[in-house]
Amino acid sequence: QVQLVESGGGLVQPGGSLRLSCAASRSVFSINAMAWYRQAPGKQRELVATITRDSTSNYADSVKGRFAISRDNAKNTVYLQMNSLKPEDTAVYYCFAHAATYYGSPNRDYWGQGTQVTVSS
């Protein structure tokens, strides 16, 4: 079982920045795609950004130019740098990984527990 532990959420003023981190447990063998999703109150969970193992990234239109996803494969960690934050970015942010736990095992989807990001003055 792969555990994903997020950190870095909090309260920030509009226009401010936050950096989220998500580290996978040592039980992981390999991680392919990683991503960040978010879910605002009363809304469905939405994709924010994805990154492949070779660091090809994609973003939701709503965050392009403001957010940057990156990863450190040696540390099994994915990051989300969020700049120019807006109140509409307020949500619980979830880390996602498509990973295998041992050599030859199938890749499965894993989720973090979520971290709250609140953008408010």
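This is a predicted model: local features need pLDDT of at least 70, side-chain atom pairs count only at pLDDT 80 or more; totals for chains, interfaces and linings use all residues.
Two strands are taken as paired if DSSP finds at least two bridges between them.

**The four-stranded sheet**

An open sheet is built from 4 strands in the order S1-S3-S8-S7, with antiparallel pairing. Strand S1 (4–7) and strand S7 (67–72) form its edges, each pairing on one side only. On average, neighbouring strands of this sheet are turned by 15° against each other, direction ignored. Within the sheet, S3 and strand S8 (residues 77–82) run antiparallel and are joined by 6 bridges. Leu18 stands opposite Met82 in S8. As a general point, strands of a sheet pair through backbone hydrogen bonds, either parallel or antiparallel.

**The disulfide**

The count comes to 1 disulfide. Cys22 and Cys95 form this link, with their sulfur atoms 2.1 Å apart. The angle about the S-S bond is -80°, and the link of Cys22 and Cys95 is left-handed. The pair links distant parts of the chain: Cys22 belongs to strand S3 (residues 18–24) and Cys95 to strand S9 (residues 91–100), 73 residues apart. Both Cys22 and Cys95 are buried. In general, a disulfide is a covalent bond between the sulfur atoms of two cysteines.

Asp89 lies in the loop between S8 and S9. Its relative accessibility is 0%, and Asp89 therefore counts as buried, the limit for that class being under 20%. The side chain of Asp89 makes a polar contact with the side chain of Arg38 at 3.0 Å. Leaving aside neighbours within four places in sequence, Asp89 is in contact with Arg38, Arg66, Phe67, Ser84, Val117 and Val119.

Asn58 is placed in strand S6 (residues 57–59). Because its relative accessible area is 51% and the exposed class begins over 50%, Asn58 is classed as exposed. Not counting residues up to four places away in sequence, Asn58 touches Val48, Ala49 and Thr50.

| Residue | Relative accessible area | Class |
|---|---|---|
| Asp89 | 0% | buried |
| Asn58 | 51% | exposed |

Technical notes: Residues are numbered from 1 along each chain as its sequence is written. Side-chain values use heavy atoms; hydrogens and water are left out. Helices (H or I, at least four residues) and strands (E, at least two) are DSSP runs, numbered from the N terminus. Buried means under 20% relative accessible area, exposed over 50%, partly exposed in between (1.4 Å probe, protein chains only). Contact means heavy atoms within 4.5 Å. A disulfide is a pair of cysteine sulfur atoms within 2.5 Å. Axes are lines fitted to C-alpha atoms, for helices over the stretch in contact, and angles run from 0 to 180 degrees between N-to-C directions. A polar contact is a pair of N or O atoms within 3.5 Å; within protein, one must be able to donate a hydrogen and the other to accept it, and residues adjacent in sequence count only if both atoms are side-chain atoms.
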